[in-house]
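Hello,

Here is the structure I promised to pass on to you. Have a look at it first, and then read on for what turned up.

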Amino acid sequence: MINRKQFLGMTTAAAGSLFIPTTSHANEVENRKQQPKAISKEFVLSNVTLEQGFEYNDKGQVMATLTNLYDIHILDGVIKSIVKANTQTHSVPRIDGGGFLLLPGFRDMHIHIDKTFYGDKWYGEPRAGRTVKDMIDLERRIIPDLLVNSTEKAEKSIELMNSQGTYFVRCQTNIDPVSGLKSLEHLQKALANKSDVIQSEIVAFPQHGIMYSDCEALLRESAQMGIDFIGGLDPTSVDGNMQKSLDIMFKTALDYGKGVDIHLHEGAKTGLPAIEYMIKTVSENKALEDKTFISHGFALGQLEPKELERITEQLAHYKIGVISTVPIGRSVMPIPTFYKYGVKVMTGTDSIVDHWQPFGNCDMLEKAKFCAQLYGWTDDYSLSRALQIATKDQILPLDNKGNRVWPNVGDQASFVLVEATCSAEAVARNPKRELAFNKGKQIL
């Protein structure tokens, strides 16, 4: 059996064997950025820690998380078997997991890597204004320069995601009269170049407004170029006509069989009517159920409790999801209420070192930690539940009753290993990612 250090240092061998480029310690990080790893199609990831239940006190409260060491047999990117560590002999290559905790891989479900400064020079110039329209004016001036090397910067952003244990990304890409379809084309090239290390979805996002920039025709053209979602932007404050703007967005999505993912920054006064109109539209078009998402949705953080519960219940009923970046310094998003009613909640980086924000590190585990801090989830049980905002379909290793529900035989082998004893510790302490895999291929 090889240990992790030996595994990371292996060189090219015969076809079907493991391949990891050799590096010195000083060059390891740079090498990871430049050279994707590959592993054999069949191997055993041994000695990994899996959660297997909760330990309760005499009051029925969760006191700790029970774990054990396991070996996971992977074939063609799928989990073939899960057995207690060192209980079976395998004839395929073995990778020592070092006792690290295995967690579901992370998903960055809202990010703009088509227009980032990441991997480029620092940008800290003062902005002319703070409104969305001010930023649209700024973008009109700087987008031509951003497009020059946008593919390369998108690829560097994907490498950063991989380093944080992210294997899946939903990319927002500008569809606007200045860039035309070039932002989309450059992003698609980056995603194709990195397809072995990242799975992806694309939102055709009218950053300058559907009506404000008259880009309906461009949106329709982009819908025929392999995108997954049609976006929208503040239908009242930017487009000036809530119903017409939303109708264009929804009709375009329905005409081309796409989902919807709208940026809605508006407060309750105009944002709530927009959300109610979205609910009405989805209720009348079943094809939009489970394919419609409200990104940001700040209006939801400004509602009175009874109104919030009424709206949240409808969002859950019509399977409309919410994607929140867990913002700091704004209205606190009612994520606990979303969970109470079963609304699908996801998170993402949003801006990554760009002209909108100088922040963004692509760390979804950190987003889970922000949730725990924001809502006071400090005990073992609550911290473990916080992880769900970062994973596919809110999956957790243990369900609310402490039954192990992940991983399972037949699951995609997309996961991350961290130095922690349980999910609760991983969320609270946000350890660095040790190894990460996408469909059985090493991405970190």
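Is Arg140 buried, exposed or partly exposed? Before the answer, please keep in mind that this is a predicted model.

Arg140 turns out to be partly exposed, with a relative accessibility of 33%. Its salt-bridge partner is Asp137, and the closest N and O atoms of the two are 3.2 Å apart. Asp137 is also partly exposed, at 34% relative accessibility. Both residues sit in helix α3 (residues 132-147), and because they are three residues apart there, about one helical turn separates them. As a general point, side chains of opposite charge can pair when their charged atoms come close.

Helix α8 (residues 268-284) holds another pair of this kind. Lys280 and Glu284 are four residues apart in that helix, about one turn, and their side chains meet in a salt bridge of 2.9 Å, N to O. Lys280 is partly exposed at 43% relative accessibility, whereas Glu284 counts as exposed at 52%.

Arg170 forms a salt bridge with Glu201, with the closest N and O atoms 2.9 Å apart. Arg170 belongs to strand β7 (residues 166-174) and Glu201 to strand β8, so this pair ties together parts that are 31 residues apart in sequence. Arg170 is buried, at 2% relative accessibility, and Glu201 is buried as well, with a relative accessible area of 17%.

How many salt bridges are there in the count? The count comes to 21. There is also a network of salt bridges that links Glu216, Arg220, Lys251 and Asp255.

Ser213 lies between β8 (199-205) and α6 (216-222). Ser213 counts as buried because its relative accessible area is 10%, and the cut-off for buried is under 20%. A polar atom of the Ser213 side chain lies 2.5 Å from the backbone oxygen of Gly209. Leaving aside residues up to four places away in sequence, Ser213 touches Pro177 and His208.

Last, a hairpin. Strands β2 (residues 62-75) and β3 (residues 78-84) pair in the antiparallel sense, over six bridges. Which residue of β3 is the bridge partner of Ile72? That partner is Ile82. Two residues lie between the strands of this hairpin, and Asp76 takes a positive phi near 50°.

Enjoy exploring, and write back with any questions.

Best wishes

Terms used. Residues are numbered from 1 along each chain as its sequence is written. This is a predicted model: local features need pLDDT of at least 70, side-chain atom pairs count only at pLDDT 80 or more; totals for chains, interfaces and linings use all residues. Side-chain values use heavy atoms; hydrogens and water are left out. Buried means under 20% relative accessible area, exposed over 50%, partly exposed in between (1.4 Å probe, protein chains only). A polar contact is a pair of N or O atoms within 3.5 Å; within protein, one must be able to donate a hydrogen and the other to accept it, and residues adjacent in sequence count only if both atoms are side-chain atoms. Contact means heavy atoms within 4.5 Å. Two strands pair if DSSP finds at least two bridges between them. A salt bridge is a side-chain nitrogen of Lys or Arg within 4 Å of a carboxyl oxygen of Asp or Glu.
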